[in-house]
Amino acid sequence: IRDAIAYLRLIVEPRDDLAFERIVNTPKRGVGKATLEQIHAHARARNISLTEAAEALLQGGGIKGKAGGTLQHFLGQRRTWQQEAAVLPAAALTEKMLEESGYVAMWREDKSPEAQGRIENLRELARALGEFGTLGEFLEHVSLVMDREDNQTEAMVSIMTLHAAKGLE
């Protein structure tokens with residue numbers, strides 16, 4: 001789920017460096033450590049985001065080969081999804097993004113016992129997005145929930161609806 005949310009965050013905010021780092025090679029795209037270091041160095045030198053640095057390096061011919069091709073494809077997909085976010089419902093965009101990125105296919109090919117559960121979690125995430133007007137509203141909600149969970153320092157009682165408990169049994 002965190003990877004899928006990182007994809008969504010990068011669609012809404014292309015300057016989100018943490019999201020870019022998390023998903024640039026998830027699923028594997030052949031973007032290795034050396035390429036990431038090159039992108040980081042370019043971004044730091046120009047005080048720009050990792051997404052902007054990757055695009056600049058690709059345009060200038062700084063990243064070539066398989067890594068360059070797959071990175072170019074990934075950044076093109078991100079731009080397309082960003083444009084589609086204005087017209088598609090958040091749930092439909094999420095399903096499309098998860099399929100087109102190869103993320104769901106990665107879990108389908110995984111033979112571990114958890115793989116099917118992860119695919120179900122991704123489907124549930126897409127369904128949950130249907131309850132929000134926009135992708136931005138969903139990400140704001142997730143951010144607030146995660147912030148609240150991070151700041152739990154005193155004893156409290158959590159209340160959950162039956163709808164929110166679905167899948168936790």
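Author: First, a definition: helices (H or I, at least four residues) and strands (E, at least two) are DSSP runs, numbered from the N terminus. The model is predicted, so local features need pLDDT of at least 70, side-chain atom pairs count only at pLDDT 80 or more, and totals for chains, interfaces and linings use all residues. Residues are numbered from 1 along each chain as its sequence is written, and side-chain values use heavy atoms, with hydrogens and water left out.

Reader: How many helices and how many strands are in the protein chain?

Author: Along the sequence the pattern reads α-α-α-α-α-α-α-α-α-α. The count is 10 helices and 0 strands.

Reader: What percentage of the residues of the protein chain count as buried?

Author: Buried means under 20% relative accessible area, exposed over 50%, and partly exposed in between (1.4 Å probe, protein chains only). The protein chain has 169 residues. The buried part is 37%.

Reader: Which residues have the most contacts inside the largest nonpolar core?

Author: A nonpolar core is a set of buried Ala, Val, Leu, Ile, Met, Phe, Trp, Tyr and Cys residues joined through side-chain atoms within 4.5 Å. In soluble globular proteins, nonpolar side chains tend to be buried together. Here the largest core has 42 residues. Those with the most contacts inside it are Phe 20, Ile 39, Leu 71 and Phe 74.

Reader: How many residues of H1 are buried?

Author: H1 is mostly covered. Its buried residues are Asp 3, Ala 4, Ile 5, Ala 6, Tyr 7, Leu 8, Leu 10 and Ile 11.

Reader: Which residues is Ile 39 in contact with, leaving aside its neighbours within four places in sequence?

Author: Contact means heavy atoms within 4.5 Å. Ile 39 has a place among the residues with the most contacts inside the core. With those neighbours left aside, it touches Phe 20, Leu 50, Ala 53, Ala 54, Leu 57, Ile 63 and Leu 71.

Reader: Why do the buried residues of H4 line one face of the helix?

Author: In helix H4 (residues 50–59), the buried residues are Leu 50, Thr 51, Ala 53, Ala 54, Leu 57 and Leu 58. The arc is that of the directions from the helix axis to the C-beta atoms. Seen down the axis, the buried residues of H4 line one face because they fall within an arc of 165°.

Reader: Which helices do those buried residues of H4 pack against?

Author: Just after H4, Gly 61 takes a positive phi of about 80°. The buried residues of H4 itself pack against H1, helix H2 (17–23), helix H3 (33–46) and H5.

Reader: What arc do the buried residues of H6 cover?

Author: In helix H6 (residues 90–100), Ala 90, Ala 91, Leu 93, Thr 94, Met 97 and Leu 98 are buried. They sit on the same side of H6, because their arc around the axis is only 160°.

Reader: How are the rings of Tyr 7 and Trp 81 paired: stacked or edge-to-face?

Author: Rings of Phe, Tyr and Trp (its six-membered ring) pair if their centres lie within 6.5 Å; planes under 30 degrees apart count as stacked, over 60 as edge-to-face and the rest as tilted. The whole structure has 6 aromatic pairs. In this one the centres are 6.2 Å apart and the planes are at 70°, so the pair is edge-to-face.

Reader: How many residues apart are Tyr 7 and Trp 81?

Author: Tyr 7 is buried at 1% relative accessibility, and Trp 81 is buried with a relative accessible area of 1%. The pair links distant parts of the chain, with Tyr 7 in helix H1 and Trp 81 in helix H5. The separation is 74 residues.

Reader: Is Gln 77 buried or exposed?

Author: Gln 77 belongs to helix H5 (residues 65–84). A polar atom of its side chain lies 2.9 Å from the backbone oxygen of Glu 100. Its relative accessible area is 10%, so Gln 77 is buried.

Reader: Where does Asn 47 lie?

Author: Asn 47 is not a glycine, yet its phi is positive, about 55°. Its relative accessible area is 69%, so Asn 47 is exposed. Asn 47 lies in the loop between H3 and H4.

Reader: Which peptide bond is cis?

Author: Pro 27 lies in the loop between H2 and H3. With omega near 0°, the cis bond runs from Thr 26 to Pro 27.

Notes. Polar contact = N/O pair within 3.5 Å; in protein donor to acceptor, adjacent residues only side chain to side chain.
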